[in-house]
Amino acid sequence: MNFTNSSKIIKPQHAVQRLYELTKDKDVFITTEVGQHQMWAAQFYPFTRARQFNTSGGLGTMGYGFPSAMGVKVGDPERISINISGDGSILMNIQELMSAVEHQIPVINVILNNNYLGMVRQWQELLHEKNYSESYTAALPDFVKLAEAYGCVGIQAKTPDELDEKIKEMININQPVIFDCVVDKHEN
């Protein structure tokens, strides 16, 4: 697995690699929603312990990762529970931020935000001659403001230079976090 990194825009693979490097010495559990971010998590976060990764696999369940991450955190409060999501998948159950706040479940949601249903866009490029339909959205919420509206912490990274600092910040917060990681819109 390889990719061409950039010094100007965050590549999603690089974001997952940096997440791994900055958490590899901690007791971390990773969940995912469904989409490109799920594939990048599986490919670029080297899981080193049994039962460290929870995903719906090929079942295509957008919205699975966030409640799963909350369940992990409730079941094992000492563990850092991180859900890796896309901007489309997290919207399937973003209202669960209310549950995380109300029940004080400090789970982290990392959104690899490319303004697309990335897997849908990718297949439209590969199989449908770039005939795009309903895969792009210009109407995404401001995830930082949305997190704050729910009483969570919202963090955003837009450049590779700030990525490590923002990841360190999010893993040291003991309350629900939305980390809006703005990534390359065209990465497959």
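**A note on the sheet and its aromatic cluster**

1. Strand 4 (residues 108-113) and strand 6 (residues 177-182) run parallel and pair over 6 bridges. Two strands count as paired if DSSP finds at least two bridges between them; strands are DSSP runs of E with at least two residues, helices runs of H or I with at least four, both numbered from the N terminus. Asparagine 113 has valine 182 of strand 6 as its bridge partner.

2. A word on the source: this is a predicted model, where local features need pLDDT of at least 70, side-chain atom pairs count only at pLDDT 80 or more, and totals for chains, interfaces and linings use all residues. Residues are numbered from 1 along each chain as its sequence is written, and side-chain values use heavy atoms, leaving out hydrogens and water.

3. Now the whole sheet: 6 strands make an open, parallel sheet in the order 2-1-3-4-6-5. Strand 2 (53-54) and strand 5 (153-157) are at the edges with a single partner strand each, so one side of each has no neighbour in the sheet.

4. Which aromatic residues form one cluster? They are Tyr20, Tyr45, Phe47 and Phe53. The ring centres of tyrosine 20 and tyrosine 45 are 5.1 Å apart and their planes at 80 degrees, so this pair is edge-to-face (rings of Phe, Tyr and Trp, its six-membered ring, pair with centres within 6.5 Å; planes under 30 degrees apart are stacked, over 60 edge-to-face, the rest tilted).

5. Are tyrosine 20 and tyrosine 45 buried or exposed? Both are buried, meaning under 20% relative accessible area, with exposed over 50% and partly exposed in between (1.4 Å probe, protein chains only).
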